[in-house]
Each structure stands twice: as structure tokens, then as C-alpha cells.
Amino acid sequence: MRIHHEHPWNLDPKAAIALQNQLRRLVKIEDELPADIRRVAGVDVGFEDGGKVTRAAVAVLDYPGLGLIESSIARLPTAFPYVPGLLSFREVPAILKALAGLAVLPDLLLVDGQGYAHPRRLGIACHLGLLTDLPSIGAGKTRLCGRHEEVPDVKGAWVPLRDKEETLGAVLRTRRGVQPIYVSAGHRIGLATAVEWVLRCTGRFRLPETTRQAHRLASG
């Protein structure tokens, strides 16, 4: 797997923020998807040994069947502190190692976290997408920034997540009677298409099947 836009990881938070502000200019939030998407992957991260070890998991599902066809788990010593807004510096090195363990890279990544819906518009899905040059989507369970109105209690309904006049993402109801999730473009995909793919990858649960499978692997 080739890494694009390589950079050091042993940064302090101030330097990491400066790097985010540089990389954000490279993010593409318009559709550049493969013509035929057959492999969709969920990405999630957990921690072991009291947080000293980062455990990253990638679950690759076939599309449209959404059956698990390949998975990879990687562990690395946790080298970056927990700092809101800098999640990618803590988690992406282990994710890259997990992706490198796959026999075939996926066509699309769904990352448990934010993409463009980030204070500096470079959430973990954007950062990972830039480094791998894979189309990526952020699908998070909680909001990092922005504001929104109430989402109608109808599967597939969504409202914009906004910061002032800018639309950062979508607050999406994946099924009735459950809390919505926060969807945003990562890299090489627009918001409307990101919402469409999240719904395509979601079955009878709140979270996309990609996320559910990756979370099961990441949590052990």
C-alpha cells in the first residue's frame, strides 16, 4: 500500500494542528469513486493495556451482500495523547498497519469518526483518505462540532450539520426510534454520496454493518 502525503507522527499538539491546517487544502469533497464498488470496509480502533496499546481493525465486506470477506487487526504502542480534534494522530498509524495487512484494499472506507465535520475540516476520515488515496466517509456516533435541527424520525431522513453558513455534514437517521449518526465526507466523495453509501451499508441496526463488524474486531 502506497502512502501519500507522508509526514512525521511524533508531533506535539501544536505542530499537529498546524499540519492539519496544511493537509485540509488537499482534501477532495467531491465524488471520485470507482465505477464499480465491490469491497466496502469499516475502520475502528480500540485500546488495550489501559490505553498503552492501540488496536486497529479493518473489516472488509462484499457489496451489496455486506458479508465479511476479509479482516485485519494491528497493534502499536499508543504514542499520542488523547486530544479532542487530534484523534487521527493517535489512531491512524495503527489503522495504516491494519490496512497494509489486507490482501486487497477496499474500494471505499467508512471510518468510525468524523471527516469534514471537524473544527479544522480534517477529521480522521479525511486524514486517512488523504494518506491512502482511498474514498472515505466519516460516520460518527457523536457530534464534534457544528449545530443542527431535529431530524425527522424516518429512516433515511437527514438534516445539515452546519457551522455558521457552511455545511459540514449530515445528521442522518439510519432507522426509526434510534439516535441519528453524524456523516461527513472524508476524501474523494461528496456529502450526498456519503449519505447514500452509509444507508446502503446499514441493515437493521443503527450503525452501518461495516462499523459494526470493525467495532467487534477492535474491541476484541
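Predicted model: local features only at pLDDT ≥ 70, side-chain atom pairs only at ≥ 80, totals over all residues.

Biologist: Why is Glu-149 called exposed?

Modeller: Its relative accessible area is 64%, and because the label exposed applies over 50%, Glu-149 qualifies as exposed. Glu-149 lies in the loop between strand S5 (136-140) and strand S6 (158-163), and its C-alpha is 8.9 Å from that of Val-171, although 22 residues separate the two in sequence.

Biologist: What makes S1 and S4 count as paired strands?

Modeller: Pairing requires at least two bridges, and four bridges join strand S1 (residues 39-48) to S4, the two strands running parallel; in one of these bridges Val-43 has Val-111 of S4 as its partner. S4 also pairs with S5 in the parallel sense, over three bridges, and here Leu-109 stands opposite Ser-136 of S5. Between S4 and S5 the chain passes through helix H3 (residues 124-132), and this β-α-β crossover is right-handed.

Biologist: Which way do the residues of strand S4 point, and are they buried or exposed?

Modeller: Leu-108 and Leu-110 point one way from S4 (residues 108-111), while Leu-109 and Val-111 point the other way, and all are buried.

Biologist: What do the buried residues of helix H4 pack against?

Modeller: The buried residues of H4 (residues 191-200) include Leu-191, Val-195 and Trp-197, and the buried residues of this helix pack against S1, S4, S5, S6, strand S7 (166-172) and strand S8 (181-187).

Conventions: Residues numbered from 1 in each chain as written. Heavy atoms only, no water. Buried < 20%, exposed > 50% of the residue type's maximum accessible area, 1.4 Å probe, protein only. Right-handed = clockwise from strand over helix to strand, strands pointing away. Contact = heavy atoms within 4.5 Å.
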